[in-house]
Each structure stands twice: as C-alpha cells, then as structure tokens.
Amino acid sequence: MNIITVPTSTEAVEKAATIVADEIRSHAAPVLGLATGRTMESLYALLVARYRKGALDFSSMTSFNLDEYVGIAASAPQSYHTYMHEHLFDQVNMQAGHGHVPDGMAADLDAECAAYEDRIRASGGINLQLLGIGETGHIGFNEPPSAFDTRTRPVVLDPITRQQNAGMFGNNPDAVPERALTMGVGTILDAKRLLLLAVGGGKAAIIRKALLDPMTPDISASAIRLHKDCTIIMDDAAAAEWKRAA
C-alpha cells in the first residue's frame with residue numbers, strides 16, 4: 001500500500017483529483033470506477049474545473065459506479081444516477097451512455113447485477129477504482145460481513161449506514177432505502193489500481209481498524225490490503241489514530 005497523509009482535507013482531495021486526472025490522461029480509453037459522497041463532490045468539482053480549462057478530456061472515458069439504492073428511480077434527487085449527472089457526467093464531455101450506474105429499479109435485481117459484471121468485463125476491466133470508506137468499514141455498500149470474493153449483488157444496508165446517509169433523505173434514516181446494489185469486494189479488487197480517499201476525524205477510528213487490525217469480512221475496507229496497487233490518501237484528522245498505532 002502507498003499511504004499518503006497531508007495536513008488538510010483540501011490538500012487530500014486535490015492530490016486524489018490529480019491521480020484521477022493523470023489516470024484519465026494515461027489511457028486512450030480509460031475505464032474508471034467511481035464513488036459518491038460529500039468528499040467526492042469536491043473531487044469531481046476539481047476534475048470539472050480542469051476540463052473547463054482544457055486540461056482534461058472525458059470523451060473516451062467509461063465509468064462504473066460502485067452502487068445504487070434499490071427502489072429509487074434514476075431520476076429521483078436522492079439517486080446516485082442523479083448525483084453523478086449533477087456532479088460529473090453532465091459537466092464534462094463524456095459520451096452519453098458511458099457512465100454506468102446500477103439500476104436499483106430493475107425487475108430482476110440479480111440479473112441486473114450479473115449484467116453489470118458483464119459490462120465491466122466487456123470494457124476491459126476498471127483501470128482505477130475510486131473508493132471512500134463508510135462508518136461500518138464498508139467500501140461500496142459491502143456491509144459487514146462481506147466476503148472478499150463477493151461480486152455485484154443486492155445487499156441490506158446497516159442501520160449505521162442509513163443514519164450516515166440520511167442527509168439526502170430529509171435527515172430521516174427511516175427514509176433511506178433498506179437495500180442497495182453494490183459492486184462486491186471481489187469486483188473492487190479486480191480493478192488494476194485502487195485509490196481510497198478519507199478525510200475528517202470521523203473516519204479516524206475505522207481507518208485504523210481497516211489498515212491495522214486483522215483483515216476481516218466484518219470490515220470490507222480491510223480487503224484493500226490484498227491489492228498490489230493501492231493508494232490511500234488521508235488528511236491528518238483521518239490518519240490520526242492510524243499514526244498513533246502504526
């Protein structure tokens with residue numbers, strides 16, 4: 001693992017955005033795995049700014065998002081489809097249909113998940129997978145326990161995750177869908193490179209567990225230690241407990 005710590009969250013996001021931008025430039029037809037969340041909004045804003053300055057071209061890029069809620073229409077304001085269009089897809093010159101997000105309204109969720117895996121394989125695989133980390137230690141929506149060989153599948157969301165994500169649902173955890181579709185841990189580990197971004201003191205305890213405690217399906221983020229090309233970028237607040245214990 002390549003662990004990078006910087007003093008502030010702004011610096012962490014900027015460094016992560018530079019890695020993503022360099023990855024896009026380094027491939028004729030880049031394939032990225034994308035994530036959502038408040039920190040990722042700042043990262044996407046930096047990528048959009050580079051595009052508007054003529055420093056970044058998304059025209060040949062394909063992307064696959066980690067997850068989507070079950071039972072939320074793609075057009076709903078809380079969906080990750082909407083999030084990605086607002087923060088990236090509609091702001092740059094990505095080709096229509098090249099930004100993939102699982103369909104949480106599919107009539108057959110298992111078939112949708114199998115098809116998502118097929119689309120990733122048909123693209124040649126993900127060059128760089130962007131990751132955050134949830135309070136349960138999840139990457140994607142791989143709630144505990146999630147075996148390290150899991151593939152894209154429907155999951156039940158942990159109450160902690162529903163509480164964490166309540167902001168988009170009127171701050172009401174009960175309004176957050178109980179289920180989601182997520183890339184599996186094994187799907188994530190198949191990416192050629194991983195980039196995990198964590199900022200803020202609220203991530204400090206789970207970062208320490210994910211990086212230093214024994215690897216376990218109860219903290220799916222601990223699986224990133226198995227990957228041969230994984231970069232972790234943290235601000236000092238997120239890295240505090242890891243630094244004390246390392």
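Modeller: Tyr-83 is buried, with a relative accessible area of 10%; buried here means under 20% relative accessible area, exposed over 50% and partly exposed in between, with a 1.4 Å probe and protein chains only. This is a predicted model, in which local features need pLDDT of at least 70 and side-chain atom pairs count only at pLDDT 80 or more, whereas totals for chains, interfaces and linings use all residues. Residues are numbered from 1 along each chain as its sequence is written, and side-chain values use heavy atoms, with hydrogens and water left out.

Tyr-80 is also buried, with a relative accessible area of 11%. The structure holds eight aromatic pairs. One of them joins Tyr-80 and Tyr-83 in an edge-to-face arrangement, with 6.5 Å from centre to centre and 80° between the planes. For such a pair, the ring centres of Phe, Tyr or Trp (its six-membered ring) lie within 6.5 Å; planes under 30 degrees apart count as stacked, over 60 as edge-to-face and the rest as tilted.

The two residues belong to helix H3 (residues 80-87), and because they are three residues apart there, about one helical turn separates Tyr-80 from Tyr-83. Helices are DSSP runs of H or I with at least four residues, strands are runs of E with at least two, and both are numbered from the N terminus.
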